[in-house]
Amino acid sequence: MKYCSTCGHPVEQRIPQGDNRHRYVCVSCETIHYQNPRIVAGTVPVWEGRILLCRRAIEPRYGYWTLPAGFMENAETTIEAAARETREEALAEVNIDGLYTIIDVPHINQVHMFYRATLIDGTYGAGEESLETQLFDLDDIPWDEISFPTVRKTLELYLEDLKQESFQVHVSDIRYSIKARK
């Protein structure tokens, strides 16, 4: 950030009085510009024992398989965001069955939330951000082509819970050192 969105003057990074983190602060009007984690919401959509995955038509991870998910918009709940992303990416309507995973990804300032869901009528397709969509039997999930660690972790937990016939909410994090990834 270089300029204040309130008055257009330059901003500087400093710790505002009463705070404990560096923030962008306008040198003229003193507006503090907070930058907070973004929420990614999605579903684990199931139909007749199979899981619906989308092959990504966008970067990052173009061509890899993912659960339908994306960034939450203003003025919507996480459930609404998860259902909307499923509709947009997989052209599927779902019933939300419950919160399933909350995975903090602090090195990229994101929180990923996945809900268990059931396809309403079994219909699906490929939205603009998907090359294709497919219902996978549990033994046929393309593990070597899964897009993101949060998706892999959610799928692994789902398979474990399915074997136990008990679904709970899983809260965890995935941490990588920024230096290690360069």
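Colleague: What should I know about the model before we start?
Modeller: It is predicted, so local features need pLDDT of at least 70 and side-chain atom pairs count only at pLDDT 80 or more, while totals for chains, interfaces and linings use all residues. Residues are numbered from 1 along each chain as its sequence is written, and side-chain values use heavy atoms, with hydrogens and water left out.

Colleague: How many helices and strands are there, and what counts as one?
Modeller: The protein has 2 helices and 11 strands, where helices (H or I, at least four residues) and strands (E, at least two) are DSSP runs numbered from the N terminus. Along the sequence they follow the pattern β-β-β-β-β-β-β-α-β-β-β-α-β, and the C-alpha trace spans about 60 × 30 × 30 Å along its principal axes.

Colleague: What makes Tyr100 and Tyr158 an aromatic pair, and which kind is it?
Modeller: Rings of Phe, Tyr and Trp (its six-membered ring) pair if their centres lie within 6.5 Å, and planes under 30 degrees apart count as stacked, over 60 as edge-to-face and the rest as tilted. The structure holds 4 aromatic pairs. In the one between Tyr100 and Tyr158 the centres are 6.0 Å apart and the planes make 75°, which places the pair in the edge-to-face class. Because Tyr100 lies in strand 8 (residues 94-105) and Tyr158 in helix 2 (residues 149-164), the pair ties together parts that are 58 residues apart in sequence.

Colleague: Are these two tyrosines buried or exposed, and how do you know?
Modeller: Buried means under 20% relative accessible area, exposed over 50%, and partly exposed in between, with a 1.4 Å probe and protein chains only. Tyr100, at 0%, therefore counts as buried, and so does Tyr158 at 8%.

Colleague: Which other ring pairs with Tyr100?
Modeller: Tyr100 and Phe167 also form an edge-to-face pair, at 6.0 Å centre to centre and 65° between the planes. This pair links distant parts of the chain, since Phe167 sits in the loop between helix 2 and strand 11 (170-173), 67 residues from Tyr100 in strand 8. Phe167 has a relative accessible area of 30%, so this residue is called partly exposed. Through these ring pairs Tyr100, Tyr158 and Phe167 are linked into a cluster.

Colleague: What makes you say that Arg38 sits over the ring of Phe71?
Modeller: A charge sits over a ring if NZ of Lys or CZ of Arg is within 6 Å of the ring centre and within 35 degrees of the ring normal. The charged end of Arg38 is 3.8 Å from the centre of the Phe71 ring, and Arg61 lies over the face of Tyr64, also with a distance of 3.8 Å to the ring centre.

Colleague: How do you know which strands strand 8 pairs with?
Modeller: Two strands pair if DSSP finds at least two bridges between them. Strand 8 is joined to strand 11 by 4 bridges in the parallel sense, and to strand 9 by 10 bridges in the antiparallel sense. Asp104 stands opposite Asp173 in strand 11 and opposite Val111 in strand 9. Strand 8 and strand 9 form a hairpin with 4 residues between them, and Asn109 in the turn has a positive phi of about 55°.

Colleague: Why is strand 9 called largely enclosed?
Modeller: In strand 9 (residues 110-119), 8 of the 10 residues are buried, so this strand is largely enclosed by the rest of the structure. Strand 9 also pairs with strand 4 (residues 38-47) in the parallel sense over 9 bridges, with His112 as the bridge partner of Val40.

Colleague: What makes a group of residues a nonpolar core, and how many residues has the largest?
Modeller: A nonpolar core is a set of buried Ala, Val, Leu, Ile, Met, Phe, Trp, Tyr and Cys residues joined through side-chain atoms within 4.5 Å. The largest has 18 residues, and those with the most contacts inside it are Ile51, Leu53, Leu67, Ile141 and Leu155. Strand 4, strand 5 (50-56) and helix 2 each supply at least two of its residues, and helix 2 gives the largest share, 5 residues. Apart from this core lies another of 8 residues, among them Leu52, Ala92, Leu119 and Leu135.
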